[in-house]
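Subject: Structure handover

Hi,

Here is the structure for you to look over. My notes follow below it.

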Amino acid sequence: MASHIVGYPRMGPKRELKFALESFWDGKSSADDLQKVASNLRSSIWKQMSEAGIKYIPSNTFSYYDQVLDTTAMLGAVPARYGWNGGEIGFDTFFSMARGNATLPAMEMTKWFDTNYHFIVPELGPDTSFSYSSHKAVSEYKEAKELGIDTVPVLVGPVSYLLLSKPAKGVEKSFSPLSLLENVLPVYKEVISELKAAGATWIQFDEPTLIKDLDSEQLDAFTKAYAGLESSCAGLNVLIETYFADVTPEVFKTLTSLKGVTAYGFDLNRGAKTLDLIKSDFPADKYLFAGIVDGRNIWANNLASSMTTLSSLESIVGKDKLVVSTSCSLLHTAVDLINETKLDSEIKSWLAFASQKIVEVNALAKALAGQKDEAFFSANAAAQASRKSSPRVNNPEVQQAASALRGSDHRRSTDVSSRLDAQQKKLNLPILPTTTIGSFPQTVELRRTRREYKAKKISEEAYISAMKEEISKVVKLQEELDIDVLVHGEPERNDMVEYFGEQLSGFAFSANGWVQSYGSRCVKPPIIYGDVSRPKAMTVFWSSMAQSMTARPMKGMLTGPVTILNWSFVRDDQPRFETCYQIALSIKKEVEDLEAAGINVIQIDEAALREGCPLRKSEVAFYLEWAVHSFRITNCGVKDTTQIHTHMCYSNFNDIIHSIINMDADVITIENSRSDEKLLSVFREGVKYGAGIGPGVYDIHSPRIPTTEEIADRINKMLAVLETNILWVNPDCGLKTRKYSEVKPALTNVVAAAKKLRTEL
Ligand code: GLN
Ligand code: ZN
């Protein structure tokens, strides 16, 4: 029985690649130094898999930035503005596309399906010419071979590549990159024949777009592409890898009829329906790469239950055609549990990071082949049992409260207009009220103070007084600027999810559980392992302290349940909505405590609501239902006079505007800096609803300081669509990453613009 890994994290167990990249970008080390770190990482990964006994080991899943950008380089599809003149693409051109350079911005980056990984979006047009310009796949194959390891080279498949591309600047929006299929295939053929010449016997094409709802033209493209590659692939075993969801029956049919393909990889973690298709219709004589070990999460596999699934698959596809695999690339999980020396040992026994997942895949394959590692399996069974029954996981009271929420509705009893009236009587705000999104600049000293407090190097007293001083500075500044609704600046928070996770029960934190987000950027998601509850108030102390410093309204600042859920590693032993409801109940308590403490405006951020949308259309409505319900649960119990704000970090609302309205917030602040018109046309529809709306008036992601005129102009454009009495004036996100030297003049101009317009209205 064989084993396979779809792909592996690149950063290294201690983010070695991150540091090597950043040092190279800063000019502190040479290209040679960077390449050395990279090749050491690659070889240690290959050796690890080989020593573990994995049969099909991937190569070319390493990247200095992103595998889609690697494909752009392979195809020589460099946008003209980067001034590349042909030849093998080097670091200069590659990193200019990835990160921009002194004169040019980077190419656009967007989320890789529903993960937190971001890829660089290819820009294509009818005139794009393709030529084989990066030999990376071949050289990595050879590099592994020199170490004595025969690998499966992995390429982003041609159809997914094109479907993930966008029309280049200046090209008609209606241009379909898919029309370039015939043009990219020749390059793929060159790569394939070089790989064959180098000795490759397998090749893996990642075609994750196969899990989407595809139309017949898109499906045809797959048929054409692989028919086109068939003769070049002769003599090679071709694996098409799908992941992140199940595939529809139509896709399954097309996929399993592709010419020249010998093997199919499916995500069996998110693809329960695919399992049924396989059982009823898997073609004879093809390999099934069964993605049974979850690449998206950090839980140890339930080996016994995987064995049941695998055994049933074995009887369908045959012993020699079943390959045990991961559900997707391990890129989306943490790297190695071995470095987690501080994690509680019981919780640790429930986890498996990439390195441990390799061992699991191999153990399953061996067991199927009749060489079961009894000790490993029984340790796994014991860990599964302890996870199931542990009192740290189970809190019956929370379970009951959360399940009681299902099926019923929770919303405030009065409508938004009457609530806004009641709030205005209390708050007495001018028209076009000004506010900010929450955080103020996080200085080096602030971070140091937090770190020292955490490490118990400074006393609680000293910590509180340092924070108090900072909050008072931020409050004074906002009063001087004459902002209407103030914030405390969030100096006590490292991260908007971690801060809450650390205070809630049911959360654990790793020391090195980093996952690549984009380029050298990594995030360390909290691990939700148990029923979530709130032992005590989390923010009331700071918010009341801040409110006591000013007569103006002070916003209480919370992260919403959906965002906490979507930015964490979530338990896999209950549905996501169950966990979300539990978090919602904790946030609800916090909201009510803030209200009782005299905080009249409370913002509940849902920065990540949209990104949790499932990939398959048929599942979106259900998700939005419980996600929006969870948000409403947090604040359905407050008085009419308490104003609930929410904030979202995107402006791509078109398809979810009704869900956003259904959140029933009093005021919605949203990122807007890059797409005024689109957003406003959407809100034209939503405007009837009557809630306050604060589309960001300037982009906080850029150090540029917007002028008063420019801000006024933007507000005027908004006023043309939105009614005066519902418009708020605010930046488009928190100011955490900016400097005071940018924030002060920018906010000065924001307030000046609002005041100017107030006199004109
Ligand atoms: N309140 C948070 C802040 O200002 C919101 C951040 C976010 O939307 N990503 O930092
Ligand atoms: Zn934001």
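Start with helix α26, residues 708–719. Helices here are DSSP runs of H or I with at least four residues, strands are E runs of at least two, and both are numbered from the N terminus. Helix α26 has 12 residues and spans 16 Å from first to last C-alpha, close to the 16 Å expected at 1.5 Å a residue. The expected span is 1.5 Å times one less than the number of residues. Its buried residues are Ile711, Ala712, Arg714, Ile715 and Met718. They sit on the same side of α26, because they cover an arc of only 160° around the axis. That arc is taken from the directions from the helix axis to the C-beta atoms. Glu709 and Asn716, on the other side of α26, are exposed. Buried means 20 or more other C-beta atoms within 10 Å of the residue's own, exposed means 12 or fewer, and partly exposed is in between; C-beta atoms are placed from the backbone. As background, an α-helix has 3.6 residues a turn, so residues three or four places apart point the same way.

A word on provenance. This is a predicted model: local features need pLDDT of at least 70, side-chain atom pairs count only at pLDDT 80 or more, and totals for chains, interfaces and linings use all residues. Residues are numbered from 1 along each chain as its sequence is written, while chains are lettered from A and ligands numbered from 1 in the order in which they are written. The protein's mean pLDDT is 95, with 98% of its residues at 70 or more. pLDDT is the predictor's confidence in each residue, from 0 to 100. For the complex, the predictor gives an ipTM of 0.99 and a pTM of 0.95.

Next, the core. The largest nonpolar core has 217 residues. Such a core is a set of buried Ala, Val, Leu, Ile, Met, Phe, Trp, Tyr and Cys residues joined through C-beta atoms within 7 Å. Among the members that touch the most others are Ile5, Leu288 and Cys580. Helix α22 (residues 576–596) gives the most to this core, with nine residues. Contacts of Leu288 include Tyr264, Phe282 and Val317, leaving out residues up to four places away in sequence. Contact means C-beta atoms, placed from the backbone, within 7 Å.

Now the annotated sites. An unreviewed UniProt entry lists Ile437, Gly438, Ser439, Glu490 and Asp605 under "binding site". They are spread over 169 residues of sequence, yet cluster in space, with a largest C-alpha distance of 13.0 Å. UniProt positions follow the numbering used here, feature names are shortened, and annotations may be inferred rather than shown by experiment. Ser439 is in the loop between α16 (416–427) and α17 (444–454). Ser439 counts as buried, because it has 22 C-beta neighbours inside 10 Å. Glu490 is buried too, with 24 other C-beta atoms within 10 Å. Beyond four places in sequence, Glu490 is in contact with Gly438, Ser439 and Met557.

The "binding site" annotation (unreviewed entry) also covers Lys18, Asn116, Arg521, Cys522 and Trp567. Arg521 is in strand β15, residues 521–523. Arg521 is exposed, with 12 other C-beta atoms within 10 Å. Trp567 lies in the loop between α21 (561–566) and α22. Trp567 is buried, with 22 C-beta neighbours inside 10 Å.

Best wishes

Technical notes: Contact = placed C-beta atoms within 7 Å.
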